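Hi everyone, thanks for coming.

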Amino acid sequence: MTETRPQDSGPLPEDCPPAGRRLLVSIRDLSYSYGETGRPALNRVSAGIYRGEHTAILGANGSGKSTLLNCINGLCRPPPGAVSVYGPGGELYDSARDDHLGRIRRIIGTVLQNPDDQIVSTVVEADTAFGPENMDLPPQEIRLRVDRALAAAGLEALRNRSPQFLSGGERQRLAIAGALAMEGEALVLDEALSMLDPLAREPLLSLADTLAGSGKTVIQVTHSLEEAFRCSRCLVLDRGALVFDGKPADLLRLPALEDWGFRLNEAAKTIRMITGKYPGVHITSFDPAETAAAVRALKAAPARAPSVSAHSPCAPPPRAGDAVSFDGVFHHYLEGTAFAAAGLDGADLCVPEGLSVALIGKSGSGKTTLLKHINALFLPSRGTVQVFGEDTADKKTDLRSLRFRAALAVQHPESALFETWAADDVAYGPRNAGLRGGGLVARVRDAMNEAGLPYDEYGERESRALSGGEKRRLALAGVLAMDSPVLLLDEPSASLDGKNRERVFALAGERRRRGKTVIVSTHSVEAAASFDLVAVMDRGRVAAFGPPRSVFGPYWKAGWGLLLPWTVRVARELDAGGTAVPLTAEELVAFIEGNFEGSAASSGAAAGTSPHGGRAAVQTVRPSASSSGKRRKTGIEFFRNMTFGQFLGRPSALRRLGAGKKLLLLLFLSALGIAGPHPLFPLSVLVLAVAVGAVFGNVEPKYLLRGFIPAFPYLLFLALLQMLFSWAGDTSFVFFSLGPVTVTGDELLRSCSLVCQLGALMTLLSLYTAVTPLRETLAAFDRALLPLSRAGIPVRDISVILGIALRFVPVLAGEAECIVTAQLSRGGRGGLGSAPGMIIPLFLRALERSETLAKAMALRLYHS
């Protein structure tokens with residue numbers, strides 16, 4: 001074990017190589033600073049990474065982990081000679097030299113945190129082939145590499161799917177497949193698993209284990225000590241300095257862990273407590289079976305723990321009133337398409353006022369959908385949602401007022417920040433609620449301080465310049481500032497280090513102690529165990545709801561696709577027939593002491609009650625009947641109803657027609673609609689597209705128009721903007737004049753034409769994509785461009801640009817939805833009034849996405 005002080009550079013890697021290991025990366029006295037900050041991101045770091053090694057790089061947010069990786073792969077330019085990469089034959093490559101970066105990136109494949117920032121193509125197979133194609137390999141070799149990479153990543157059955165319709169875990173596996181297809185010596189995962197649930201992470205962690213076992217060098221950047229324990233070596237960074245280099249088991253024993261920003265989960269606490277109490281016990285992984293085996297070595301027979309008291313799974317907990325209730329709620333995504341899915345499928349739930357509830361469930365189980373129904377961003381397709389007794393679908397309900405009472409912190413908040421300055425973003429909700437002056441400043445100050453972003457330091461910083469962890473805390477501060485009776489947090493701790501995760505859940509607990517109702521979705525069952533109630537989401541339904549000891553005890557179902565808390569899994573390994581449900585390290589150690597040393601087991605480890613005395617594991621909900629007048633719009637219909645890119649797959653004459661012919665028809669009709677001098681031209685094209693779709697495409701008119709109608713206010717806004725600018729030579733009749741603004745007959749005609757043209761284009765694209773798979777479109781486009789390659793035209797670059805453009809349309813639509821969702825959830829008015837507030841942040845976010853995508857393409861050897 002090597003523990004170094006921050007001011008030390010540490011031993012140079014060549015001075016003490018492990019026996020039988022060859023150096024792959026040499027880092028010598030590396031310091032690096034970003035131009036806009038005075039503090040070095042890396043401070044005299046020296047280390048070596050060896051071939052065949054499975055290495056974890058750990059540290060708190062902002063400790064320098066990603067900067068270190070970027071200095072290795074050349075995205076950041078280190079000082080000459082500070083970072084060297086060795087080729088298979090011992091060739092030496094310097095990360096500071098442009099002419100060496102191609103070779104370095106062939107040796108080291110990198111996977112970034114967010115898969116959407118690195119997927120280039122619109123088809124899984126084509127995206128996997130992107131790196132090998134840039135290596136100028138023969139087509140047969142490319143096909144073999146793609147086949148091997150897809151098989152290793154478990155994506156063989158999805159090779160023809162569009163990434164748009166993959167789950168988060170599947171998209172991350174696609175990003176890994178793209179790196180594997182390059183078949184370099186090393187694979188680097190830069191927090192690539194931090195946004196996935198535990199079961200989605202497990203296959204990818206197993207893949208990393210398998211790759212490391214086969215001799216490939218694997219480097220994992222992570223906040224998770226549990227993931228680090230699967231590696232053979234750990235490097236820990238703290239404020240840019242290398243402070244630890246050694247084995248994971250040695251790391252866990254260090255008292256400085258907390259000082260470096262780590263917070264021990266219950267597994268790490270238990271292992272530390274057991275190994276400290278019993279010096280002869282050695283535990284080298286977080287595998288519950290290994291911990292149980294070490295405990296059994298104490299040579300004592302387990303005694304039975306007290307049973308959890310039996311109770312009816314359908315009895316609701318006692319409560320004064322319900323803050324939130326769901327009665328048979330259904331909600332469907334992409335209805336009528338080949339990718340239709342149920343977000344909620346008959347969900348029933350009652351949340352008592354003043355309690356905390358953790359929503360758990362695997363990805364896609366309905367957690368986010370349920371939270372958005374509480375905040376009235378979504379309305380039920382069927383069933384009733386009530387918030388403080390108000391039916392969200394009742395036309396008499398003021399949704400804006402309801403959202404002030406149930407504030408939502410959305411998932412992926414880095415995409416939802418829309419104000420320029422940090423304090424202004426936090427002030428958005430309270431300002432909409434009417435707070436002004438000193439009261440508003442005090443509210444913003446308190447919220448930012450609580451979220452760990454001191455107002456005096458961060459208030460005047462640009463929101464977009466913050467780190468990923470700081471953006472997440474800023475979004476949390478924006479919701480805390482609303483001081484609403486119900487606080488809704490959607491995966492608030494994702495991608496945060498241990499210290500900031502602890503802060504987030506402490507804030508949730510503090511709000512609960514103030515009498516607020518707190519509902520948090522989380523992938524962490526350990527965190528869920530600290531809440532009053534736990535709701536398990538499974539395939540759109542609330543499968544269980546009650547105190548943690550009941551949910552994680554007698555009513556637990558393996559079919560939910562979740563893992564029990566680590567402490568409970570260890571207890572079950574120790575005593576398979578027992579009923580103990582220890583939820584903390586202290587309870588588990590007490591259970592071990594009581595059963596293996598002869599003393600009484602801790603009663604808390606098996607009690608079947610919750611902090612509020614409720615005993616429900618599942619409850620059936622029947623709220624009162626709602627009003628007959630139903631609302632169908634919430635403000636985000638345009639994004640929910642986008643049909644571009646959705647292939648229906650229905651048999652029809654248009655489906656059988658070749659993609660090339662359909663592409664020509666699309667271009668012809670688009671040109672006809674745009675070139676026409678009168679609004680009747682694009683309007684005629686729109687009507688023709690709807691008629692042709694109904695007769696020859698088996699596509700209903702309402703499907704083709706469902707994206708255009710909600711988008712009409714935004715199109716109208718663009719038309720009004722156009723009317724502000726005069727055209728030279730316009731002598732038509734003046735309808736209106738106010739100062740520099742003059743509205744003429746020709747301007748009205750042009751504005752009407754713009755709306756009709758955009759509507760016609762949206763309808764044509766919806767029809768085309770409904771009857772044509774994306775892979776057929778790209779293949780037809782490649783065939784059309786092939787003759788141009790003989791003239792020296794860069795056909796492949798054009799094809800790549802087209803693929804990126806097609807991929808960016810749904811991505812940017814998703815970004816726009818995040819911004820509008822964040823505005824509406826904090827009292828924004830939505831509709832036409834929200835368009836100006838969305839355009840600038842969307843433009844900035846598009847630039848950020850483009851910059852990140854350019855880096856990802858460079859890592860896969862693309863040179864434009």
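First, a term: a residue is called buried under 20% relative accessible area, exposed over 50%, and partly exposed in between, using a 1.4 Å probe and protein chains only. This is a predicted model, where local features need pLDDT of at least 70, side-chain atom pairs count only at pLDDT 80 or more, and totals for chains, interfaces and linings use all residues. Residues are numbered from 1 along each chain as its sequence is written, and side-chain values use heavy atoms, leaving out hydrogens and water.

So, is Ser 381 buried, exposed or partly exposed? Its relative accessible area is 37%, so Ser 381 is partly exposed. You'll find Ser 381 in the loop between helix H11 (367-374) and strand S14 (382-387); helices (H or I, at least four residues) and strands (E, at least two) are DSSP runs, numbered from the N terminus. The C-alpha atoms of Ser 381 and Phe 330 are separated by 5.4 Å, though these residues are 51 apart along the chain.

Now to helix H16. Twelve of its 13 residues are buried, so H16 is largely enclosed by the rest of the structure. Among the buried ones are Arg 472, Leu 474 and Val 479.

Leu 474 touches Val 426, Met 448 and Leu 453, among others, not counting residues up to four places away in sequence; contact means heavy atoms within 4.5 Å.

Leu 474 is also among the residues with the most contacts inside the largest nonpolar core, which has 52 residues. Such a core is a set of buried Ala, Val, Leu, Ile, Met, Phe, Trp, Tyr and Cys residues joined through side-chain atoms within 4.5 Å. Helix H16 gives this core its largest share, six residues.
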